[in-house]
Amino acid sequence: MFSTRAFIKKNKVGNYLKNIREHYIRDDIFCGLESCKSCEVLDTSLTGGFNNKNNLFKFNHYIILDTNIILDQIDILEEDVFGNVIILHTVLKEVKHRSLPVYKRLMSIIENPTRHFYIFTNDHHKDTYINQEKGELINDFNDRCIRKACTWYMKHMPNEKFVLITDDRGNRNTARNEKIKTCTITDYVKNLENSKHLQDKLARKDFHTVVDSDDFYPPHLPTVDIIQGIKDGSLHQGTFRASTSNFLEASVNVDEFEEPVIVQGRAGLNRAVDGDFVAIKILSKDEWISPSDIILEDESVTEGVDEVLEKEKVLKKTQKKANAQPTGMVVGIVRRKWRQYCGILQPSNMDGLFHLFVPADRKIPKVRIETRQAEFLRTQKIIVAIDTWPRHSRYPTGHFVRALGKIGDQATENEVVLLEHDVPHSKFSEEVLSFLPKLPWTIKEGDIAARVDLRGLDICSVDPPGCTDIDDALHCREIEDDKLEVGVHIADVSHFIRPGNALDIEASNRATTVYLVNNRIDMVPVLLSSNLCSLRGGEERFAFSCVWIMDKEANILETRFHKSIIKSKKAMTYEEAQMVIDDKHQVHSIAQSLRNLNSLAKILKRGRLDKGALVLASPEVKILMDSETHDPISVEAKKLFETNSMVEEFMLLANISVAQKILKEFPECALLRRHPTPPPNNFDPLVKAGNHLGFAIKIDSGKNLAASLDEAIREDNPFLNTMLRILATRCMMQAVYFSSGMYQKDEYFHYGLAVPLYTHFTSPIRRYADIIVHRLLAVAIGADCTYPDLLDKHKSTDLCKNLNYRNRMAQYAGRASVAFNTHLFFRGKLQDEEGYVLFVKKNALQILIPKYGLECTLYISEEGKTSPFTYDEDHQTQTAGDIVLHAFDPVIVRLTLDSKNIQHEKFILQLVKPHIEGFSIAPLTEMETKHKLTEIESGKKNKKQKKS
Amino acid sequence: MSKKKELVSKIGLRLDGRRADELRRVRCKMGVFSQPDGSAYIEQGLTKVLAAVYGPHQVRGNRSKAQHDSAIVNCQFSMAVFSTSERKKRPRGDRKSSEMSIHLRQALLAAIKVELYPWSQIDIYVEVLHADGGVYPACVNAATLALIDAGIPLKEYVCACSASLANNDIPMVDISHQEEMLGGPTLTIAALPMSEKIVLMEMSQRFHIDHLPKVMAKALKGCKDIKVILDEAVRSHVEDVGCSTGWSNTSQKIKV
Ligand SMILES: [Zn+2]
């Protein structure tokens with residue numbers, strides 16, 4: 001109940017403003033100990049039933065941690081060996097302030113009742129509150145708060161023991177004087193009973209400093225200087241993006257410059273890691289350089305520095321001033337964005353405790369770790385966290401977190417892909433599952449009354465083979481006066497997933513189903529995704545329908561939305577549907593409606609293209625898996641039928657119709673999808689490539705771009721057009737979800753589809769955005785009611801942020817999985833394949849092999865050898881004798897997989913055709929083609945290929 | 001700012017250490033001036049307000065405004081230039097002040113028995129000395145005390161209180177400035193707490209309909225809590241005044 005309390009005001013004096021805030025001190029805060037007689041006992045997770053066993057303290061004790069222990073050693077804390085830990089509120093606040101990710105991890109430990117962590121609100125407790133003294137540093141003050149709480153606990157519960165863990169020597173000494181038991185985390189972990197292996201996981205901030213080694217990197221500026229420098233404009237800040245092809249180069253996106261700022265070399269990068277928020281100094285204009293066009297890899301196997309010095313020299317030699325971009329150097333780190341990295345131990349014969357860890361992500365430097373189980377870890381994929389990067393050390397130092405499994409195993413590699421792309425993939429929790437409908441699921445009278453009964457219509461679905469999560473079905477029938485009624489029926493997922501419950505929260509966090517080559521990470525539990533929501537043939541299902549009345553010219557006369565109940569007559573594959581359409585003998589109603597749909601779709605598509613919609617290309621491949629061994633047995637480019645495009649057209653149309661409806665009803669909070677117009681300089685590579693081939697690519701509007709792409713055709717190279725489209729695809733921006741209230745109307749535009757409004761409605765089983773759109777549409781037609789978060793544009797902006805992030809990651813994860821399986825497929829094979837030059841670089845050609853969707857590097861000059869090629873930068877060509885290689889030229893290359901580096905298996909290309917004396921190799925003979933492929937059609941389905 | 005801050009922590013405390021249903025500390029004093037007929041000073045947390053009441057007296061200025069069946073009530077709201085962390089340009093006359101004056105008048109009219117004073121006028125001046133959230137409620141509460149001090153008959157106390165939603169879920173009462181800035185929409189109500197009549201309700205932004213009832217209930221509960229405090233203050237004030245006039249002796253006698 002309410003009571004007035006004495007309170008102390010806290011002053012916070014800013015630059016110009018004086019802020020005074022109240023700070024209430026309470027007498028009703030519970031210490032958290034069950035055995036306490038003096039406090040009012042409330043809920044607590046501390047328990048007498050758990051004992052901390054440690055050889056340093058041979059008695060049961062409660063643990064109190066300081067801020068840095070939590071920040072540095074969160075990996076240890078997540079281990080199930082500590083318990084009865086008291087987290088002070090002042091510490092918790094500081095952790096939250098310093099690192100949100102660590103805070104979140106800590107909170108999930110605290111929320112886990114089996115871990116026995118308890119938050120004690122020391123800063124509002126009448127006996128442990130203290131005031132910061134004048135001139136007292138914030139760190140000293142925080143330490144004093146912690147000690148105050150410790151002594152209070154000792155007095156409050158004289159029969160219990162408390163141990164303060166801190167790595168701060170000064171704090172430990174003062175604590176000892178106050179009779180507080182204390183030790184460092186290293187000592188504590190070392191003396192843990194039967195948990196000695198945890199030592200590997202200790203973060204090492206205090207790594208022994210090598211006294212006589214020279215500093216390898218320039219120092220970072222102190223924080224004050226950085227803040228000052230940014231304020232007065234002498235420094236700039238931005239996100240550090242490491243280059244994938246050159247380990248000694250990176251770029252930093254800075255607001256003040258349009259182009260990214262280049263940083264190069266050891267001193268330029270100065271211990272920044274990809275993703276870090278850094279402060280940079282811009283060099284004087286005469287030192288500016290252009291991005292390097294050579295490929296450099298970190299190949300050293302020890303911590304020696306010779307190799308990097310050597311490569312730095314190589315880099316220096318190739319520096320160019322032409323087309324120079326702003327160039328700078330990192331002078332300090334504003335915020336580290338370190339996460340945990342997957343990778344392997346560097347295979348080497350390094351002995352002792354220290355080993356090098358090679359991250360799977362090329363943009364991340366190798367990490368020096370200490371481990372006592374190197375022999376075992378060499379066979380494993382492992383996770384490592386970076387702790388610090390001292391000046392004298394060639395590599396950052398970190399610690400081992402956990403092992404994922406054997407290198408090269410499908411399961412391990414899948415796990416790596418999922419972890420590296422932050423895909424939530426744990427099993428659905430019991431709580432989530434509890435919100436699923438109970439089986440046997442039956443349709444109730446009330447459900448039928450609230451829905452339009454379309455069970456009599458000839459509805460069918462068309463999907464890729466093996467698809468089990470069918471979220472759309474179609475129908476088309478002739479009604480009077482030559483009019484057609486066309487319906488798109490989408491699985492009514494929002495009927496089963498109600499806002500705000502655990503199932504909904506889980507789905508919104510997952511945001512999308514992730515498709516790996518041999519695995520699908522569902523967004524919703526399989527009961528929904530493959531059964532109750534899936535519009536299977538012959539079964540009664542709930543649907544959300546979008547029905548148009550059209551004339552035969554595909555003009556929409558009327559649009560209706562309603563919830564319905566349907567019974568799909570047949571679930572077809574694209575190929576089956578195509579056969580039905582093509583087979584003139586089939587005249588049953590489904591065949592008729594498919595033909596009608598197909599001809600309408602063609603009209604719709606033409607209309608769309610006329611308006612300037614882009615036809616883009618990206619080499620998509622399909623990997624056929626052996627159903628028993630789960631090994632890839634063939635890799636091929638995806639086959640497309642007319643029916644693919646037919647389904648796509650109607651999905652697009654439904655999405656557009658729904659977007660219009662929900663925006664009209666909810667101008668402030670409709671969830672839409674926009675595809676921003678790319679800034680003109682995005683198109684530079686495309687325009688340049690076009691120019692070299694003699695095509696003028698117009699980029700002033702989507703329509704002109706589409707038209708000029710259509711015209712860029714050359715008889716002698718039919719694949720050239722596709723290559724241009726692949727390039728064009730890479731110039732595009734990412735399409736993103738957004739809340740309509742946060743943007744201006746003209747920003748809603750979808751560039752790729754050339755429509756003013758677009759959203760996602762048609763795949764609610766595998767995309768969370770569609771569920772929200774369903775809910776909005778249901779409210780708009782009066783079929784459902786709203787809930788607060790749905791109408792809050794800030795909430796929905798937060799949601800969009802997550803959806804966009806997860807979508808991007810899901811896409812990358814899918815690609816990574818395809819890449820891994822392609823590698824698996826090529827192991828031990830030797831093949832000559834047709835390819836095309838994608839880019840011409842100074843020391844290499846980038847080759848695209850469309851058959852496998854592979855993009856590989858063909859090195860044409862090696863160090864120490866003279867290359868037969870001469871590079872013409874202006875025309876982007878490589879010339880050897882009378883052979884000139886341009887971008888997009890067809891070549892034949894020999895493809896082998898270099899498995900020397902198990903983590904980064906890479907393809908080695910050798911030129912077969914055109915033949916260049918002394919460089920090219922002879923084509924394979926029949927005999928040499930050891931592995932003839934037999935294509936076995938397997939039932940494994942891998943990926944939906946619908947347009948999104 | 002798209003991400004709203006968590007205003008009630010996992011352990012159930014707000015940023016300043018209160019629980020969701022706790023008011024800030026209220027301190028009040030009646031009869032702080034001798035010049036006006038009634039006056040009061042109130043502190044709700046760090047929000048500090050002075051109120052003065054003149055009247056009922058004859059209608060001044062334009063006599064034609066006088067009404068035959070009731071008194072005219074004038075309200076003037078002003079904020080000291082030093083009351084906010086950035087100095088204000090002028091204390092009154094801006095749009096916000098005029099609006100506040102009107103809202104104050106509306107709330108107070110509901111309680112004052114104006115029909116007892118035909119042809120007369122009551123003037124209420126409210127000045128904010130320091131603003132730290134919940135300015136309007138503090139003004140209403142101060143004015144109520146000043147009216148009582150002036151001896152003007154009221155139907156009952158009129159109290160005001162604000163409420164909001166923490167973490168989009170937990171209703172909390174008496175919103176501080178910090179919480180106003182970091183949180184979502186704020187609901188302010190002025191009510192006659194004994195008869196549970198709401199006389200004024202204002203929202204800084206829209207609430208979702210699902211949230212409104214619980215936030216309103218919380219604000220009303222806040223009004224009732226404030227009424228208890230005001231009532232206590234009035235009683236002790238009356239006792240003090242009584243003491244000085246020798247009235248306490250009689251009351252003691254009666255008690256005995
Ligand atoms: Zn206690």
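This is a predicted model: local features need pLDDT of at least 70, side-chain atom pairs count only at pLDDT 80 or more; totals for chains, interfaces and linings use all residues.
A:R730 belongs to helix α23 of chain A, which covers residues 720–731. Apart from neighbours within four places in sequence, the contacts of A:R730 are A:L838, A:F839 and A:E855. A:I165 lies 565 residues away from A:R730 along the chain, and the C-alpha atoms of these two residues are separated by 52 Å.

The chain around this residue can be described by its totals. Chain A has 25 helices and 38 strands. Of its 948 residues, 54% are buried. When contacts in chain A between residues at least 6 apart in sequence are taken, 68% of them join residues at least 24 apart. The accessible surface of chain A is about 43,400 Å², and 51% of this comes from carbon and sulfur atoms.

A second residue of chain A, A:A279, is part of strand β11, which runs over residues 277–282. A:A279 has a relative accessibility of 0%, so it counts as buried. Beyond its neighbours within four places in sequence, A:A279 touches A:I226, A:H236 and A:Q237, and its contacts also include A:M329, A:V330, A:V331, A:G332 and A:V334. Between A:A279 and A:Y871 there are 36 Å in space, C-alpha to C-alpha, and the two are 592 residues apart in sequence.

One annotated part of chain A comes from a UniProt record. The unreviewed entry gives "domain: PIN" for residues 61–173 of chain A. In the model this span is 50% helix and 14% strand, and its end C-alpha atoms are 20 Å apart.

Helix α3 of chain A, residues 89–98, shows how buried positions are covered by other elements. Its buried residues are A:H89, A:T90, A:V91, A:L92, A:E94 and A:V95. The cover over them includes the strands β3 (62–65), β4 (85–88) and β5 (117–120) of chain A. Helices also take part in that cover, among them α1 (67–72), α4 (100–111) and α5 (138–156) of chain A.

A:H116 is not a glycine, yet its phi is positive, at about 55°. The loop between α4 and β5 of chain A holds A:H116. With a relative accessible area of 15%, A:H116 is buried. A:A754 likewise has a positive phi of about 55° without being a glycine. It is placed in the loop between β30 (736–739) and α24 (768–780) of chain A. The relative accessibility of A:A754 is 13%, so this residue counts as buried.

Chain B has five helices and nine strands. Along the sequence, these elements follow the order β-β-β-β-α-β-α-β-β-α-β-β-α-α. The radius of gyration of chain B is 19 Å, close to the 18 Å that the globule rule gives for 256 residues, so chain B is as compact as a globular protein of that length. Its C-alpha trace spans about 55 × 55 × 35 Å along the principal axes.

Of the 256 residues in chain B, 52% are buried. For contacts in chain B between residues at least 6 apart in sequence, 67% join residues at least 24 apart. The accessible surface of chain B is about 12,200 Å², with 52% belonging to carbon and sulfur atoms. There are 35 positive and 28 negative side chains in chain B, and the centres of these two sets are 2 Å apart.

An unreviewed UniProt entry lists "domain: Exoribonuclease phosphorolytic" for residues 22–153 and 157–222 of chain B. Residues 22–153 are 23% helix and 33% strand, with end C-alpha atoms 30 Å apart. Residues 157–222 are 26% helix and 39% strand, and the end C-alpha atoms of that span lie 13 Å apart. A backbone detail in chain B is the cis peptide bond from B:G55 to B:P56, where omega is near 0°. B:P56 is in strand β3 of chain B, which covers residues 47–58.

Conventions: Residues are numbered from 1 along each chain as its sequence is written. Chains are lettered from A and ligands numbered from 1 in the order in which they are written. Side-chain values use heavy atoms; hydrogens and water are left out. Helices (H or I, at least four residues) and strands (E, at least two) are DSSP runs, numbered from the N terminus. The radius of gyration is taken over C-alpha atoms; the globule rule is 2.2 Å times the number of residues to the power 0.38. Buried means under 20% relative accessible area, exposed over 50%, partly exposed in between (1.4 Å probe, protein chains only). Contact means heavy atoms within 4.5 Å. Accessible areas come from the Shrake-Rupley method with a 1.4 Å probe; for residues, only the protein chains shown count as cover. Lys and Arg count as positive and Asp and Glu as negative; His and the chain ends are not counted. The place of a charge is taken as NZ of Lys, CZ of Arg, CG of Asp or CD of Glu. UniProt positions are given in the numbering used here, feature names are shortened, and annotations may be inferred rather than shown by experiment.
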